[in-house]
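Subject: Structure for your review

Dear colleague,

Please find below the structure that I am handing over to you. The findings follow it, grouped by region so that you can trace each one in the viewer.

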Amino acid sequence: MEKLFSFFKHLRNKLYFILGFLWDRRQNDKFSLKTRTPSISKYSELPIISKATHNGKMTGFEPQKLKNYKLYQHELMFGEPGKGLNKSGFDESAINLGQEGEINFAKALQKQGLLEKLVTFWSIHNLNLEDKRLDADIDCVIVSGSTIWLVDLKFYISGNVIYKEEDGLLYTIDSATGFQIGMPKKMSPNMSYAKESFSHKFGNLLKYYRLETRVVLMPTYKGAGRLDNVFWPGHIKAVSLEEMLDELSREDKFKDTIGGQMIRQTFNLLLKR
C-alpha cells in the first residue's frame, strides 16, 4: 500500500511538471506573438488628401487677419518672436512657417492685452544643457504672477479637421471625408525633456511658481482644427490657440517680486541672441 501511494505521488509530481512546462510554453508563445506583430494604426489605411475639404472655425487670429496687424515691443517682452529659428537647422520652408506661427502667437497675445499683463521670453536655448543631442528649445516662456508656462507652437495643416494621436504620431483627419490629410507627424519629446530639465535645474523658482507646459496648434488660412484629447510625449497637453488664450486670460498679472526678478535673470540668460 505504501509503495502504491509513493507511485501515485511520483506520478502526480510528474504531471504537475509537464503541465507547468506546457503553460510556460503557451505564455511565451503568446508573448512572442505580441512582440512579433507590429502595431498597425487604424488611420494608416485611410486614403490621403492634400488639404481639408472645408475651412475650420475662423477665430480672427488667422494669418490673413493678422498680416497687417503691427506687433509692438512691450516692457515685459524679451527676445524676438521667430528669431531663434534662423539658427535651428530646419529647411527654409519650415523656418518660415515656424516664424509665422511664433509671430502670430505674439500678435494674438497683444490683441488680447496679455503682453502688458504677462512677461514673455521668446526663443529660449536648449534647457537640456548636459546633453546637446536632446533638443529642449522652447518657442515661448510666459510667466504670470503664479505660473510659468513653457509653450511649443505648431503651425500644421488645419481647416475643418480633427487631430488624433496614436503611437506617438499625430494624424490630421478631414471631417468631411474621413480621409487622412498628408502624412502623420512624429510627435517630438522635446517638451517633455524641457519640462524635466527645467524642474531639475531651476527647482528654486518652483518655490514661487507652478510649472505648466502646452503644445499650441495655431490656426492657418483655413481656420482652426479640433483636437481629440491629444497629448505629446510626456503627457504634454495640446490645445488650440483659443484655449491657450483663455487659460492665460484667467492668470493673475506678473509681479516684480523676488521670484519675478529671478525669472527675469534666469530666462534673459537663456534667450537666443
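I begin with one lysine. K164 is found in strand β6, which spans residues 161-166. Please keep in mind throughout that this is a predicted model.

The side chain of K164 makes a polar contact, at 2.6 Å, with the side chain of D228. Setting aside neighbours within four places in sequence, K164 is in contact with Y43, L169, L170, Y171, I173, D228 and V230. K164 can also be compared in position with R226: the two are 62 residues apart in sequence, while their C-alpha atoms are 9.1 Å apart in space.

Most residues other than glycine have a negative phi. D167, in the loop between β6 and β7, has a phi near 50°, a positive value in a residue other than glycine. N229 is likewise a residue other than glycine with a positive phi, near 55°, and its place is in the loop between β11 (226-227) and β12 (231-232). Are these two residues buried or exposed? D167 has a relative accessible area of 57%, and because the cut-off for exposed is over 50%, D167 counts as exposed. N229 is exposed as well, with a relative accessible area of 60%.

Not counting residues up to four places away in sequence, K154 touches V215, V216, L217, M218 and W232.

I turn next to the aromatic rings. A pair of aromatic rings is described by the distance of the centres and the angle of the planes. The count comes to six aromatic pairs. One of them is formed by Y43 and Y171: the pair is tilted, with 5.1 Å from centre to centre and 45° between the planes. Because Y43 lies in the loop between α1 (2-36) and β1 (48-49) and Y171 lies in strand β7 (residues 169-174), this pair ties together parts that are 128 residues apart in sequence. Both Y43 and Y171 are buried.

How are the rings of F198 and F267 arranged? Their centres are 5.7 Å apart and their planes are at 5°, so the pair is stacked. The pair links distant parts of the chain, with F198 in helix α4 (residues 190-201) and F267 in helix α6 (residues 258-270), 69 residues apart. Both F198 and F267 are buried. These two phenylalanines also belong to one aromatic cluster, formed by F78, F121, F198, F202 and F267.

Two further lysines lie over tyrosine rings. The charged end of K70 sits over the ring of Y72, 5.6 Å from the ring centre. K111 lies over the face of Y69, at 5.5 Å from the centre of that ring.

Helix α4 can be described in some detail. The helix has 12 residues and reaches 16 Å from its first C-alpha to its last, close to the 16 Å expected at 1.5 Å a residue. Within α4, N190, M191, A194, S197 and F198 are buried. They cover an arc of only 130° around the axis, which puts them on the same side of α4. The face turned away from this buried side carries the exposed residues E196 and H200. What covers the buried residues of α4? The covering elements include β4 (138-143), β5 (147-154), β10 (210-217), β13 (236-240) and α6.

An α-helix has 3.6 residues a turn, so residues three or four places apart point the same way. Helix α5 (residues 241-249) may be read with this in mind. In α5, L241, M244, L245, E247 and L248 are buried. Their arc around the axis is only 160°, which puts them on the same side of α5.

Finally, some totals for the whole protein chain. Its secondary structure comes to six helices and 13 strands. Of its 273 residues, 43% count as buried. Among contacts with a separation of 6 or more, residues 24 or more positions apart account for 70%.

Yours sincerely,
A colleague

Notes. Residues numbered from 1 in each chain as written. Predicted model: local features only at pLDDT ≥ 70, side-chain atom pairs only at ≥ 80, totals over all residues. Heavy atoms only, no water. Phe/Tyr/Trp six-rings, centres within 6.5 Å; stacked < 30°, edge-to-face > 60°. Helix = DSSP H or I, 4+ residues; strand = E, 2+ residues; numbered from the N terminus. Buried < 20%, exposed > 50% of the residue type's maximum accessible area, 1.4 Å probe, protein only. Lys NZ or Arg CZ within 6 Å of the ring centre and 35° of its normal. Arc of directions from axis to C-beta. Polar contact = N/O pair within 3.5 Å; in protein donor to acceptor, adjacent residues only side chain to side chain. Contact = heavy atoms within 4.5 Å. Expected span 1.5 Å × (residues − 1).
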